[in-house]
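Please consult the sequence and the structure shown here alongside the text.

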Amino acid sequence: MIGVFLATALALVFIALLCSYRVFAGPTISDRVIAVNVIGTKTLVVLVLVAYIYGQKMFIDISLTYAMLNFLIIIIAAMYLETGKVV
Amino acid sequence: MVLGILIVILLAIGVFFFTVSMIGLLRLPDVYTRLHATTKCDTLGAGSILLGMMLYEGIAFASVEMLFIIAFILLANPTAAHAIARGSYKRGLRLWEGTGVDMYKGAVTFYTKPTEELVEEEK
């Protein structure tokens, strides 16, 4: 079962690598923000898989924190898009 | 044994939806269509993979924690997508010319000058 988790994690990392093309080449800021959101979701799932590959449950806590941090990043970026200011 | 097969099927569904989201992000023509593709597929893929890990763990504290992660993703991902779409519309990014309906038109005051200058500025 560990091998299945490892294969899933590697597939997700490969997909995230392909998604990062949109971060570098996206024509507008919004495309970059969307791509960062997608990569953040993939990172969160990979952290949960890593918790079972290495057998350390601590990574699930890190994943929960990462979900909240990712949401905060996207909301602040959307606020910058809407008003032109960060605060 | 049956549980193992179920877990593998759930993980495969998750990887499939992440792949669809990646293809949509790379191939679709517009900010809004890309947002439409990525948000739904990402939410479903992450939920499916985390559900598979919950089945692998069984009844434990870590399983409840993963349930919290699923609930938070279900709440946060559509909210973030809505915020991005609204922000880019107010910034003046126009829709793709093949788009049929624009129900937001006329209800919004733009923040800056519209798209062409924005894309030029990006280049």
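The structure is a predicted model, in which local features need pLDDT of at least 70 and side-chain atom pairs count only at pLDDT 80 or more, while totals for chains, interfaces and linings use all residues. Residues are numbered from 1 along each chain as its sequence is written, and chains are lettered from A and ligands numbered from 1 in the order in which they are written.

**Confidence.** The predictor assigns the complex an ipTM of 0.90 and a pTM of 0.86. Chain B has a mean pLDDT of 85, with 86% of its residues at 70 or more; pLDDT is the predictor's confidence in each residue, from 0 to 100.

| Helix | Residues | Mean pLDDT |
|---|---|---|
| H1(B), highest | residues 2–27 | 92 |
| H4(B), lowest | residues 115–122 | 54 |

Where pLDDT is low, the predicted coordinates should not be read in detail.

**Chain B.** The chain has four helices and zero strands; helices (H or I, at least four residues) and strands (E, at least two) are DSSP runs, numbered from the N terminus. Of its 123 residues, 37% count as buried, that is, with 20 or more other C-beta atoms within 10 Å of their own, the C-beta atoms being placed from the backbone. Gly92(B), which follows H3(B), has a positive phi near 110 degrees.

**Contact between the chains.** In chain B, 41 residues are in contact with 38 residues of chain A, contact meaning that the C-beta atoms, placed from the backbone, lie within 7 Å. H3(B) supplies the largest share of this side of chain B, 16 residues. By class, the side of chain B that touches chain A has 28 nonpolar, six polar and seven charged residues; Ala, Val, Leu, Ile, Met, Phe, Trp, Tyr, Cys and Pro count as nonpolar, Asp, Glu, Lys and Arg as charged, and the others, Gly among them, as polar.

**A helix pair in chain A.** The axes of H2(A) (residues 29–53) and H3(A) (residues 58–83) come within 8 Å and cross at roughly 175 degrees; axes are lines fitted to C-alpha atoms, for helices over the stretch in contact, and angles run from 0 to 180 degrees between N-to-C directions. The two helices are therefore roughly antiparallel, the term for angles over 145 degrees. Residues of H2(A) including Val33(A) and Leu47(A) meet residues of H3(A), among them Tyr66(A) and Ile74(A). The residues of this contact comprise 15 nonpolar, six polar and no charged.

Technical notes:
Parallel < 35°, antiparallel > 145°, perpendicular 65-115°, else oblique. Contact = placed C-beta atoms within 7 Å. Buried ≥ 20, exposed ≤ 12 C-beta atoms within 10 Å, placed from the backbone.
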